[in-house]
Each structure stands twice: as structure tokens, then as C-alpha cells.
Amino acid sequence: MKNFYIALGVVAVVGSVVVAFALRGGTPVIAPIDLGEITDQELVDLAQGVVYGNEDAPITIMEFGDYQCPSCGYFALNVKPFLDTDYIETGQAKLVFHDFPLDQHPHAFLAARAARCAGDQERYFEYHDQVFRTQMEWSPTVDASGHFKDLARDLGLDSRAFGRCLDSDMHADVVTANRRLGERFGVGATPTVFVHDGETLHFVPGFEFAQVQQAMEAVGSGN
């Protein structure tokens with residue numbers, strides 16, 4: 001990962017960064033927040049994606065996604081299972097999901113925070129999949145927070161802990177940093193997928209399985 005960020009011109013020395021935000025119980029944060037003056041080093045450290053698969057896998061499939069984006073739902077439910085079978089379960093690759101909530105999707109930021117709250121209870125990707133499976137239910141609503149809490153309950157999460165997390169600004173800094181990192185990568189639409197091995201970066205010109213497969217083969221061959 002270090003060489004990957006250096007290759008992109010983003011400082012990759014991962015240091016300690018503390019960005020403190022006061023919790024505001026009962027006031028869920030639903031939009032990016034002001035991170036203030038933040039260096040490239042601090043941004044890389046704060047914008048941690050969520051890893052699916054073996055963290056030591058040699059190849060990374062890096063996705064910038066938006067939970068309210070239909071194409072992201074397609075990728076999560078129709079492409080990711082094939083990536084899982086062919087590459088992730090075999091240990092050849094891992095998937096790293098980075099939040100990139102788009103401004104035109106009013107519930108996307110809250111959905112990203114909700115998934116992070118589920119991740120606090122070690123259930124990130126189970127929750128991630130359920131948010132996408134039920135996208136057509138919550139996307140047109142005025143307030144999606146109740147649906148997100150229902151999903152947590154249905155998955156057997158600690159509902160009180162989840163509710164406290166969602167009804168606050170927990171993870172707002174991380175989700176915001178993820179989006180800013182994506183902007184540094186030139187991400188403007190979702191899903192945007194890259195494949196890299198720490199040295200070679202391949203932009204995937206789409207999000208179909210065959211396109212990701214071609215990028216995997218190119219990285220594996222060193223091209």
C-alpha cells in the first residue's frame with residue numbers, strides 16, 4: 001500500500017492522527033463535515049477503507065462506492081459474489097470498500113455511517129449487503145434512519161449501541177475523509193474500481209466482472 005500511495009503522489013507514511021469531534025446524541029450527521037486543515041499524511045491515515053478478505057492478499061480491488069447508487073448495488077450484489085469466489089476466497093485478492101457518498105443522494109452519507117456503526121460490532125459487510133438489498137425500500141424515503149436501525153436489529157446487532165452511534169457524528173470524519181481521498185484519485189462517479197498490487201495501479205473502466213477480471217490479469221502479469 002505504501003508504494004501505491006507514493007505512486008499516486010499521496011503521502012503514504014501512515015502516522016498518528018487524532019481528529020476529535022464531539023458526539024451529538026440524537027442528531028445524526030447526514031452530510032460531509034469540515035475536517036479543517038488536514039495534511040495528505042493525515043488524510044491517508046484517517047480515510048481507512050473496510051477490508052473484505054485476507055488483509056495480506058497480494059492484490060487489492062479498491063472500490064469507491066455510494067450506498068444510494070443503483071450501480072453500486074448491482075456491483076455489490078451481482079459482481080462481488082463472483083470476485084469472492086474467484087479471487088477473495090482463494091486468497092489472491094482482497095476487496096477494500098471506500099465510502100464515496102454523492103451529493104445528489106441525500107441518504108448516502110448516513111448509510112455509509114450506518115455501515116460503519118455495524119462495523120463497530122464486526123458486522124460491516126453483512127450490513128453492507130443488506131443496505132444494498134433493501135436500497136429500493138429506503139432510498140425514496142424522507143428519513144432513512146429508522147430503516148437502518150431496523151436492519152441492525154434484524155441482523156441481531158446491539159440495537160442500543162447501534163442507535164447511539166447512528167444518532168451522533170460517529171464515523172462522520174472517516175466517511176468524509178474517504179470521499180476526499182476518492183476526489184484525490186479523480187473519482188467522480190460510483191462505483192469506481194481500481195486494482196493494484198502495491199506497485200501497479202489499474203483503473204477499471206467499468207464495474208462488470210469481466211472488466212475487473214481483465215484488470216486482475218493485467219496486474220498479475222505485471223503489465
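Modeller: Let us begin with Asp 129, whose relative accessible area is 14%, in what is a predicted model.

Biologist: What makes the contact between the side chains of Lys 80 and Asp 129 a salt bridge?

Modeller: The cut-off is 4 Å between a side-chain nitrogen of Lys or Arg and a carboxyl oxygen of Asp or Glu; the N to O distance between Lys 80 and Asp 129 is 3.6 Å, and the pair therefore counts as a salt bridge. By this rule the count comes to nine salt bridges.

Biologist: Why does the pair of Lys 80 and Asp 129 tie together parts that are apart in sequence?

Modeller: Lys 80 belongs to helix H3 and Asp 129 to helix H5, so their pairing ties together parts that are 49 residues apart in sequence. Lys 80 is also buried, its relative accessible area being 7%.

Biologist: How do you know that the charged end of Lys 80 sits over the ring of Tyr 52?

Modeller: The charged end of Lys 80 is 4.4 Å from the centre of the Tyr 52 ring, against a distance limit of 6 Å; the rule also asks for a position within 35 degrees of the ring normal, and the charged end of Lys 80 is listed as sitting over the ring.

Biologist: How many aromatic pairs does the rule give, and why is the pair of Tyr 67 and Phe 132 called stacked?

Modeller: The count comes to 15 aromatic pairs. For Tyr 67 and Phe 132 the centres are 4.9 Å apart and the planes make an angle of 25°; pairing requires centres within 6.5 Å and stacking requires planes under 30 degrees apart, so the two rings form a pair and the pair is stacked. This pair links distant parts of the chain, 65 residues apart, with Tyr 67 in the loop between strand S2 and helix H3 and Phe 132 in helix H5. Both Tyr 67 and Phe 132 are buried.

Biologist: What makes Asp 99 and Arg 116 a salt bridge, and are these residues buried or exposed?

Modeller: Their closest N and O atoms are 2.9 Å apart, which is within the 4 Å limit, and they therefore form a salt bridge. The pair links strand S3, where Asp 99 lies, with helix H4, where Arg 116 lies, across 17 residues. Asp 99 has a relative accessible area of 0% and Arg 116 has 10%; with the boundary for buried at under 20%, both residues therefore count as buried.

Biologist: Why are Arg 153 and Asp 150 separated by about one helical turn?

Modeller: They are three residues apart in helix H7, and so about one helical turn lies between them.

Biologist: What makes the phi of Glu 122 worth a remark, and is Glu 122 buried or exposed?

Modeller: The phi of Glu 122 is near 60°, a positive value in a residue other than glycine. Glu 122 lies in the loop between H4 and H5, and its relative accessible area of 68% is over 50%, so Glu 122 is exposed. His 171 also has a positive phi, about 70°, although it is not a glycine; His 171 lies in the loop between helix H8 and H9, and at 15% relative accessible area His 171 is buried.

Biologist: Where is the cis peptide bond?

Modeller: The cis peptide bond joins Thr 190 and Pro 191, with omega at about -5°, and Pro 191 is in the loop between helix H9 and strand S4.

Conventions
Residues are numbered from 1 along each chain as its sequence is written. This is a predicted model: local features need pLDDT of at least 70, side-chain atom pairs count only at pLDDT 80 or more; totals for chains, interfaces and linings use all residues. Side-chain values use heavy atoms; hydrogens and water are left out. Rings of Phe, Tyr and Trp (its six-membered ring) pair if their centres lie within 6.5 Å; planes under 30 degrees apart count as stacked, over 60 as edge-to-face and the rest as tilted. Helices (H or I, at least four residues) and strands (E, at least two) are DSSP runs, numbered from the N terminus. Buried means under 20% relative accessible area, exposed over 50%, partly exposed in between (1.4 Å probe, protein chains only).
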